[in-house]
Amino acid sequence: MANDLDDPVYAAFAWSRFRWLLKVMAAISAVAALLALGGIWWWIGSMNWVIAAATLAGVGLSVMLGGALMALVFLSNGSGHDAAVDAFNPDRDPGRDQRG
C-alpha cells in the first residue's frame, strides 16, 4: 500500500518539518534544563559539577525524548502511515466500541 512518503516532494517536506520540530524541541529542552538548573541552584545554593551535569542531562534529554516521540507521531499521521495500518482492519467498525 502506497503512502505519502513514496512521493519524493512530499517526503522532503515531511522530513524537513520533522527536523524543524526536533530543532525547536532541542531549544526548548535546553531552556528547560537551564531553568531546572537555575531553580535547583536558587533552592539549595551551590552544587557539585556532577549534580549540575546530571540535572542538565536528565532534564534536557527527557524533554528532548518527549519532543522526538511527539514529532514521530506527527510524521506518522501526516504521512499516511496511520491510515495505511488501519486499512488492514477491514472488519473494524469505527463507530463500535472495541471492548464489546
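## Three helices, no strands

The protein chain comes to three helices and zero strands, where helices (H or I, at least four residues) and strands (E, at least two) are DSSP runs numbered from the N terminus. Along the sequence that reads α-α-α. This is a predicted model, so local features need pLDDT of at least 70 and side-chain atom pairs count only at pLDDT 80 or more, while totals for chains, interfaces and linings use all residues. Residues are numbered from 1 along each chain as its sequence is written, and side-chain values use heavy atoms, with hydrogens and water left out.

**The chain as a whole**

- Of the 100 residues in the protein chain, 18% count as buried; buried means under 20% relative accessible area, exposed over 50%, and partly exposed in between (1.4 Å probe, protein chains only).
- The chain exposes about 7,400 Å², and carbon and sulfur atoms supply 70% of that. Areas come from the Shrake-Rupley method with a 1.4 Å probe, and for residues only the protein chains shown count as cover.
- Take the contacts (heavy atoms within 4.5 Å) between residues at least 6 apart in sequence: 64% of them join residues at least 24 apart.

**Helix H2 and what covers it**

- Helix H2 runs over residues 49-78, and its 30 residues should span 44 Å at 1.5 Å a residue; the end C-alpha atoms sit 42 Å apart, which agrees. The expected span is 1.5 Å times one less than the number of residues.
- Which residues of H2 are buried? They are Ala 52, Thr 55, Gly 60, Gly 67, Ala 68, Ala 71 and Leu 75.
- Helix H1 (8-44) is part of what covers those buried residues of H2.

- Ser 29 lies in helix H1 and counts as buried because its relative accessibility is 7%.
- Leaving aside residues up to four places away in sequence, Ser 29 touches Gly 60, Val 63 and Met 64. Gly 60 is one of the buried residues of H2.
- Ala 11 also belongs to helix H1, and with a relative accessible area of 13% it is buried.
- Ala 11 and Leu 75 are 64 residues apart along the chain, and their C-alpha atoms are separated by 10.0 Å. Leu 75 is another buried residue of H2.

**Aromatic pairs**

- How many aromatic pairs does the structure hold? There are two; rings of Phe, Tyr and Trp (its six-membered ring) pair if their centres lie within 6.5 Å, and planes under 30 degrees apart count as stacked, over 60 as edge-to-face and the rest as tilted.
- Trp 15 and Phe 18 have ring centres 5.4 Å apart and planes at 85 degrees, so that pair is edge-to-face.
- Trp 15 and Phe 18 are three residues apart in helix H1, so about one helical turn separates them. An α-helix has 3.6 residues a turn, so residues three or four places apart point the same way.
- Trp 15 counts as partly exposed at 36% relative accessibility, whereas Phe 18 is buried at 12% relative accessible area.
- For Trp 42 and Trp 43, the ring centres are 6.4 Å apart and the planes at 55 degrees, so the pair is tilted.

**The tryptophan surface patch**

- Trp 42 is in helix H1 and, at 67% relative accessibility, counts as exposed. Trp 43 is exposed too.
- Trp 41, Trp 42, Trp 43 and Ile 44 form a nonpolar patch on the surface, with about 650 Å² of accessible area together.

Technical notes:
Patch = residues over 30% accessible without salt bridge, like charges linked within 9 Å, V, L, I, M, F, W, Y side chains within 5 Å. Salt bridge = Lys/Arg side-chain N within 4 Å of Asp/Glu carboxyl O.
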